[in-house]
Amino acid sequence: MKLYRIKKSNIDRNGKGLYAIKNIKKGTKIIDYVGKIITKKQTEKSEKFDNAKPIYLFNLNNRYDLDGDVPWNIARLINHSCSNNCDYDGKGLKLWVTAIKNIKKGEELTCDYGFSFDKDYKQFPCKCRSRNCCGYIVREGSRWRIKRNKKLVNNLFQI
Ligand SMILES: [Zn+2]
């Protein structure tokens, strides 16, 4: 049973997103994340992955990666949000997307892209507009660094 449909995204204004077409319970597997299984060597050689933050590249194990940047991978359309309602999950060479909250019909499905905090974080602004949005696509565990930066800036202005 299909739980989603493709629609113009509210987060990525120029792109598409996936939307729940019925209420989805926390823990439900929503969609497979498919693509081409490639070796780490292929990943290293490919110019496609030169960027330090390849959005659609997943580490499967110490030999293989999954390149999800293929037209038949519908799950690649899921956008990042700072209060994501889904997350990537996997076992062996299989990946999928699971609801980590109860999701209401009509809500956009979102994941945490898991980008690390580094000098390039400003290249990826986040437009999720959730209350806790840190302004950039950075994984949850590292967002405090950006919040701290904001505070530092505020303090400087107060002095
Ligand atoms: Zn955000």
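**A strand residue, a loop residue and a zinc site**

Asp65 is found in strand S6, which covers residues 64–67. The model described here is a predicted one. Asp65 has a relative accessible area of 5%, so it counts as buried, the cut-off for that word being under 20%.

The surroundings of Asp65 can be listed. Apart from neighbours within four places in sequence, Asp65 is in contact with Lys36, Ile37, Ile38, Lys40, Thr43, Leu57, Phe58, Asn59 and Leu60. Lys40 is 25 residues from Asp65 along the chain, yet the C-alpha atoms of the two are separated by 6.2 Å. With Thr43, the side chain of Asp65 makes a polar contact of 2.7 Å.

Next comes a residue in a loop. Ile21 lies between strand S2 (16–20) and strand S3 (29–33). Its relative accessible area is 32%, and therefore Ile21 is partly exposed. Not counting residues up to four places away in sequence, Ile21 touches Lys2, Leu3, Tyr4, Arg5 and Lys105. Ile21 and Leu66 are 45 residues apart in sequence, and their C-alpha atoms are 28 Å apart in space.

The last stop is the metal site. The zinc ion is coordinated by the SG atoms of Cys82, Cys126, Cys128 and Cys133, at 2.3 to 2.4 Å. Along the chain, these donors follow the spacing C-x43-C-x1-C-x4-C. Why is the arrangement around the zinc ion tetrahedral? The four donor atoms subtend angles of 105 to 114°, and the arrangement is tetrahedral because of these angles; for four donors, the term requires all angles to lie between 85 and 135 degrees. Among the coordinating residues, Cys126 and Cys133 are both buried.

Note on methods
Residues numbered from 1 in each chain as written. Predicted model: local features only at pLDDT ≥ 70, side-chain atom pairs only at ≥ 80, totals over all residues. Heavy atoms only, no water. Helix = DSSP H or I, 4+ residues; strand = E, 2+ residues; numbered from the N terminus. Buried < 20%, exposed > 50% of the residue type's maximum accessible area, 1.4 Å probe, protein only. Contact = heavy atoms within 4.5 Å. Donors = N, O, S within 2.8 Å, 3.2 Å for Na, K, Ca; no water. Tetrahedral: all angles 85-135°; square planar, octahedral: opposite > 155°, others 65-115°. Polar contact = N/O pair within 3.5 Å; in protein donor to acceptor, adjacent residues only side chain to side chain.
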